[in-house]
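Visitor: I have not seen this structure before. Can you walk me through it?

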Amino acid sequence: MMNIEQLGWNSYFADQFRPYKEQGLSVGRVLREVRQQYTLYSEQGLISGDVSGHFHYTAMDRSDYPTVGDWVVFRQCADYAQIEHVLDRTSGFSRNNAGSGDREQVIVANIDYLCIVCGLDGGRNFNLRSIERYITMAVEGGAQPVIVLNKADICTDREIALLQAQSVAGDIPVHMVSAITKEGVDDFSMSFEKGSTVAFSGQSGVGKSSLINCLLGMETLKTASLRESDLRGRHTTTHKELFFLKSGAMVIDTPGMRELQLWGSRKSLDETYSEIHEAAKHCRFRDCTHQNEPGCAVRELLINGSLETERYENYSDMQTELAFIESKVDEKKRHARKAKDKQLSKLIRRTMKNKRK
């Protein structure tokens with residue numbers, strides 16, 4: 001039986017769990033999530049469960065609920081687990097919940113690497129602007145991004161594709177692989193150390209499941225062909241699940257995303273667009289928006305050709321998107337503080353009234 005240290009358990013989680021352990025509760029890592037039903041791995045082995053009624057009552061937001069990769073505290077009832085608490089995460093990969101405007105959806109938690117998988121088969125499966133969005137979200141969540149160019153066996157312009165990916169990667173590793181011919185897969189697999197957790201993300205049809213099958217050495221995950229009309233993928237992964245590699249690393253497969261709605265702060269753009277961040281330090285005005293202000297060092301990069309127009313426009317779009325998210329989150333925090341202050345005032349008045357009796 002695997003011990004929990006092999007699943008990434010460390011002193012950060014152990015310190016949080018100590019008071020719960022004294023209460024006789026157990027801890028496990030979420031390996032699988034299907035419609036808020038969870039499979040956990042604990043020191044006692046695999047166990048299924050869901051969140052307790054108390055958890056439902058006290059959870060403030062959907063992001064508080066467990067997701068694959070989380071370490072959770074649970075109460076064991078026969079062969080079933082009632083999850084009472086989610087331990088604080090070291091990292092994660094989140095997006096803005098589609099249609100909500102200001103609600104975080106945590107895709108996976110406690111990951112070391114986020115593999116941004118692209119497909120070199122044409123269509124929409126290899127898009128530099130999309131890669132930039134994924135890099136930004138990986139940085140925001142505290143994971144190391146890795147760019148994976150899959151389907152190298154059918155790519156007719158491999159060198160150009162590699163140069164294009166490297167143009168937005170900076171210091172981020174770029175791997176060119178083929179899940180069909182196994183090209184580059186060994187080097188890619190060996191880049192993850194024992195005990196690390198690696199999440200795979202990207203659009204439907206880029207070959208995430210096929211690549212994970214290749215790493216596992218078996219057909220564990222369902223795969224499907226692309227639609228011939230537009231080369232877009234069919235959703236074959238409908239839930240999130242963690243798997244174990246022979247190397248000791250862990251991989252998480254996630255459903256393909258049609259669109260990645262950003263979540264986080266504008267600060268996360270600094271690493272993705274490091275050349276813009278550095279140039280902005282030399283703008284004439286401290287609050288320069290890099291639009292039409294005189295003395296803008298970022299606009300100078302555009303003029304001299306050091307910065308591509310498409311890259312700059314993507315940066316501007318994400319700045320606007322994240323500024324909106326920041327404002328909505330700040331507004332929610334203000335409302336939460338007011339509600340908390342109001343409750344505290346009521347409690348104080350009630351206490352003082354009882355003292356006078």
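Predicted model: local features only at pLDDT ≥ 70, side-chain atom pairs only at ≥ 80, totals over all residues.

Visitor: How many helices and strands are in the chain?

Guide: The chain has ten helices and 13 strands. Helices (H or I, at least four residues) and strands (E, at least two) are DSSP runs, numbered from the N terminus.

Visitor: What percentage of the chain's residues is buried?

Guide: Of the 357 residues, 46% are buried. Buried means under 20% relative accessible area, exposed over 50%, and partly exposed in between, with a 1.4 Å probe and protein chains only.

Visitor: Which residues touch the most others in the largest nonpolar core?

Guide: Leu 40 and Phe 93 do, in a core of 75 residues. Helix H3 gives the most to this core, six residues. A nonpolar core is a set of buried Ala, Val, Leu, Ile, Met, Phe, Trp, Tyr and Cys residues joined through side-chain atoms within 4.5 Å. There is also a second, separate core of 22 residues, which includes Val 117 and Phe 200.

Visitor: And what does Phe 93 touch?

Guide: Leaving aside residues up to four places away in sequence, the contacts of Phe 93 (heavy atoms within 4.5 Å) include Val 106, Ile 107, Tyr 134 and Met 257.

Visitor: New topic: how many aromatic pairs are there?

Guide: Eleven in the whole structure. Trp 9 and Phe 13 make a stacked pair, 6.1 Å centre to centre with 25 degrees between the planes. Both Trp 9 and Phe 13 are buried. Rings of Phe, Tyr and Trp (its six-membered ring) pair if their centres lie within 6.5 Å; planes under 30 degrees apart count as stacked, over 60 as edge-to-face and the rest as tilted.

Visitor: Which residues do ring pairs link into a cluster?

Guide: Trp 9, Tyr 12, Phe 13, Phe 17 and Trp 71.

Visitor: Is helix H6 mostly covered or exposed?

Guide: Mostly covered: eight of the nine residues in H6 (208-216) are buried. The buried residues of H6 pack against several elements, including strand S8, strand S9 and helix H5. After H6 comes Gly 217, with a positive phi near 80 degrees.

Visitor: Where does Ala 78 lie?

Guide: In the loop between strands S4 (71-77) and S5 (80-86). Phi of Ala 78 is positive, near 60 degrees, in a residue other than glycine. Ala 78 counts as exposed because its relative accessibility is 69%.

Visitor: And Lys 151, buried or exposed?

Guide: Lys 151 is buried, with a relative accessible area of 16%. Lys 151 has a positive phi too, about 65 degrees, and lies in the loop between S9 and helix H4 (158-169).

Visitor: Last one: how much space lies in the largest cavity?

Guide: About 80 Å³. Of the 13 residues lining the largest cavity, those closest to its centre are Val 117, Cys 118, Asn 125, Ser 130 and Gln 203. A cavity is a set of points on a 1 Å grid over the protein atoms alone where a 1.4 Å probe fits but cannot get out, and lining residues have an atom within 4 Å of a point. Grid points are joined across faces, edges and corners, and a volume is the space filled by probe spheres set on the points.

How values were computed
Residues numbered from 1 in each chain as written. Heavy atoms only, no water. 1 Å grid on protein atoms, 1.4 Å probe; cavity = no way out; pocket = protein on both sides within 12 Å on 5 of 7 lines; lining within 4 Å.
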